[in-house]
Amino acid sequence: MALAKITSVSGRAVYVPGNDIDTDRIIPARFMKCVTFDGLGEFLFYDVRKNADGSDKAHPLNEARFKGATILLSGLNFGCGSSREHAPQAIQKYGFRAVVAEGFAEIFFGNCTTLGIPCMVAKREDIARIAEAVNANPQLEVTLDLDAREIRFGGQVVKATLRESDRDALVNGRWDAIGELLDGRSAIQATAAKLPYLAA
Amino acid sequence: MPKSLFQKVWDAHAVRTLANGQTQLLIGTHLIHEVTSPQAFGMLRDLSLKVAMPHRTFATVDHIVPTDQFAEPFADPLADAMIKELRRNCAEFGITFFDRSTGKQGIVHIVGPEQGITQPGTTIACGDSHTSTHGAFGAIAFGIGTTQIRDVLATQTMALGRLKVRRINVNGRLRPGVYAKDVILHIIRILGVNGGTGYAYEYGGEVFDRFTMEERMTVCNMSIEGGARAGYVNPDETTYAYLKGRPYSPKGAQWDAAVAHWRSFASDPGCSYDDVVTIDAADIAPTVTWGINPGQGISINERVPDPQTVSGDERTSVEEALAYMKLQPGAPIKGTRIDVAFMGSCTNGRLSDFQEVARFLKGRKVAPGVKAIAVPGSQGVGVLCAELGIDRVFRDAGFEWREAGCSMCLAMNPDKLVGDQLCASSSNRNFKGRQGSPTGRTILMSPLMVAAAAVTGTVADAREVFAVADR
């Protein structure tokens with residue numbers, strides 16, 4: 001089960017401003033009535049993108065010039081709230097391959113890594129610079145470099161960080177831990193044997 | 001060297017260090033429900049994997065169950081497919097399922113403690129962010145995503161980085177009419193919705209020493225709303241008394257051994273914390289939210305913020321929240337008209353929540369035009385409320401008394417707000433659209449404050465409405 005080594009992500013970007021964008025906003029709960037993750041992409045940010053009659057509201061993702069963006073830019077505490085993996089799944093299935101924000105809620109952040117979606121943290125003023133450049137030229141290529149811990153765009157470079165354990169997992173192609181966890185079988189049994197409540 | 005409970009539980013469950021530096025952590029108890037588990041079972045099948053320790057996973061159904069219909073099939077075919085899928089998965093993989101026919105069904109964070117499955121010194125995971133609830137017993141309990149559910153099913157472990165620990169002391173005495181819900185809303189208000197990122201919260205101090213298990217659960221439940229992945233209270237005599245005699249609690253000679261073992265996990269005196277916060281209980285008032293995240297709270301007698309008096313980011317947040325909530329800048333929150341009163345959820349859907357409200361609700365009526373629903377958090381809570389005549393008090397007051405489930409907390413079932421209805425809610429999240437309508441509005445508060453809102457038709461001070469100090 002060889003996983004891709006995700007050392008960089010390049011593509012066009014779109015800025016969805018705001019702090020504390022929660023997972024209910026990313027994917028409203030009613031769209032979680034499903035037994036697979038298929039098709040979640042179309043419901044990404046649904047209630048802030050669509051009116052009750054299904055017509056578009058003003059939202060960056062509804063702008064034709066940002067169609068095809070693969071890097072999502074946002075504010076502080078992105079992905080707060082529920083643990084629903086439906087949120088990063090919707091982001092990925094919509095077509096995003098990375099998220100850049102001022103900060104991430106923890107469960108969301110971990111869920112993203114597990115799906116191979118790097119979540120890089122950058123300073124507010126730097127995200128604003130990227131957003132400004134992208135707004136001026138939506139075709140601009142933005143590159144997240146996980147090795148150099150930086151984001152490059154239109155000749156500019158800004159610093160960006162990623163928690164080391166997650167950066168390591170992404171760049172070394174071990175972001176889905178299942179193989180390594182299964183390899184620990186004997187150590188699992190040994191640890192469990194020392195805990196009285198786990199006796200069968 | 002003295003250690004915190006978090007360190008002890010972590011060390012006892014650490015299997016090994018993974019290549020990326022995270023820990024492979026043994027998860028002793030795994031709880032699942034119908035929303036976040038079906039895809040995980042699908043992944044297991046795709047990888048031809050079995051469930052490693054089926055006797056350590058327990059299932060219930062809560063998010064999608066209608067609370068006004070017991071018979072199946074459900075009117076919603078999607079909900080019906082989800083409950084059937086969970087039944088199929090539990091049967092195929094040999095997992096205990098507290099299905100509706102067992103009389104033990106309910107919200108996963110109410111069922112675990114009720115059955116005695118949630119125990120001190122253990123690790124617990126569940127695909128639900130409010131798993132932090134179980135920390136009330138001195139367990140370390142994590143909300144996880146679906147891929148991690150797969151990991152726990154397949155290996156009984158998951159990959160995780162160690163958390164820092166913040167000790168939060170609440171000392172002194174709570175004033176009459178101030179409840180556990182107010183304590184956690186106050187904590188989130190002062191520490192922020194992301195103040196807990198990277199931390200587990202250890203709650204302690206005189207208020208927590210006196211709290212019942214159900215009060216401790218209410219606080220731990222909302223740790224995640226403060227950004228903390230886990231929250232816990234050290235186990236003590238209150239914990240052991242609660243657990244004694246529950247279906248999954250140790251029995252006979254094993255009981256004493258278990259208590260001794262549990263006791264050993266409590267934080268050692270003098271252990272070090274990464275941060276310490278101390279709060280005076282007397283500073284905590286009945287607290288309500290005015291905005292669109294749980295940190296946007298004020299005491300019932302305060303006014304909602306005025307964006308003109310704050311700057312930068314905060315101004316933008318306040319403006320966005322007030323516009324969504326349709327509240328006037330600087331207006332008192334008290335007196336705001338409500339449309340719906342919701343009493344229930346994994347935060348406040350336990351026996352003591354209904355018991356406390358019933359004490360004051362007797363003889364009162366829900367205001368005309370207000371839809372009020374009361375939803376026990378589990379079938380067990382429902383039965384106890386019926387035995388004690390509590391359901392009758394709610395019904396006589398004009399509340400609809402429902403079957404167990406998550407109900408209007410998150411609107412994955414028929415209980416939803418309509419249009420821009422304003423709901424006085426004992427639940428845990430006031431995000432935009434949380435209660436099912438994209439323009440629906442939520443004000444979080446304690447159960448007694450919900451009752452006060454229900455009978456007055458407005459956001460009200462329960463201490464005045466029910467003359468709390470005189471009771």
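**Chain A, overall**

I began with the secondary structure of chain A and counted eight helices and eight strands; helices (H or I, at least four residues) and strands (E, at least two) are DSSP runs, numbered from the N terminus. I noted that this is a predicted model, in which local features need pLDDT of at least 70 and side-chain atom pairs count only at pLDDT 80 or more, whereas totals for chains, interfaces and linings use all residues. Residues are numbered from 1 along each chain as its sequence is written, and chains are lettered from A and ligands numbered from 1 in the order in which they are written.

Along the principal axes, I found that the C-alpha atoms of chain A fill a box of roughly 60 × 45 × 30 Å. I looked up burial next: 46% of the 200 residues of chain A count as buried. A residue is buried if 20 or more other C-beta atoms lie within 10 Å of its own, exposed if 12 or fewer, and partly exposed in between, with C-beta atoms placed from the backbone. Among contacts in chain A with a separation of 6 or more, 70% come from residues 24 or more positions apart; a contact requires C-beta atoms, placed from the backbone, within 7 Å.

**A hairpin in chain A**

I then followed strand E7 (residues 150-153) and strand E8 (residues 156-159) of chain A, which run antiparallel and are joined by four bridges. Two strands pair if DSSP finds at least two bridges between them. A:Arg152 has A:Val157 of E8(A) as its bridge partner. The two strands form a hairpin with two residues between them, and A:Gly154 in the turn has a positive phi of about 45 degrees.

**Contact between the chains**

I listed 51 residues from chain A and 63 residues from chain B in the contact. On the chain B side, the elements that each supply at least two residues include helix H1 (5-13), helix H3 (77-93), helix H5 (146-155) and helix H11 (312-325). H5(B) gives the most, with seven residues. By class, I recorded 21 nonpolar, 31 polar and eleven charged residues on this side of chain B. Ala, Val, Leu, Ile, Met, Phe, Trp, Tyr, Cys and Pro count as nonpolar, Asp, Glu, Lys and Arg as charged, and the others, Gly among them, as polar.

**Domains of chain B**

I took chain B as domain 1 (5-275) and domain 2 (287-470), with bounds from an automatic or database domain assignment. Their centres, taken over C-alpha atoms, are separated by 25 Å. I found 39 residues of domain 1 in contact with 38 residues of domain 2. On the domain 1 side, helix H4 (108-115), helix H6 (180-191) and helix H8 (213-221) of chain B give two or more residues, and H6(B) gives the most, with six residues. That side divides into 16 nonpolar, 14 polar and nine charged residues.

**Helix H11 of chain B**

I checked the span of H11(B): its 14 residues reach 20 Å from first C-alpha to last, close to the 20 Å expected at 1.5 Å a residue, the expected span being 1.5 Å times one less than the number of residues. B:Ser317, B:Val318, B:Ala321, B:Leu322 and B:Met325 are buried in H11(B). Seen down the axis, these buried residues fall within an arc of 125 degrees, so they line one face of H11(B). On the other side, I noted B:Gly312 and B:Ala323 as exposed. The buried residues of H11(B) pack against strand E19 (441-444) of chain B. B:Lys326 follows the helix with a positive phi, near 55 degrees.

**The sheet that holds E19(B)**

I traced an open sheet of five strands in chain B, in the order E17-E16-E15-E18-E19, with parallel pairing. Strand E17 (400-401) and E19 of chain B stand at the edges with a single partner strand each, so one side of each is left without a neighbour in the sheet. Four bridges join strand E18 (residues 422-425) of chain B to E19(B), and B:Cys423 stands opposite B:Thr442.

**B:Ala452**

B:Ala452 counts as buried because it has 30 C-beta neighbours inside 10 Å. Not counting residues up to four places away in sequence, B:Ala452 touches B:Ala460, B:Asp461, B:Ala462, B:Val465 and B:Phe466.

Methods
Contact = placed C-beta atoms within 7 Å. Arc of directions from axis to C-beta.
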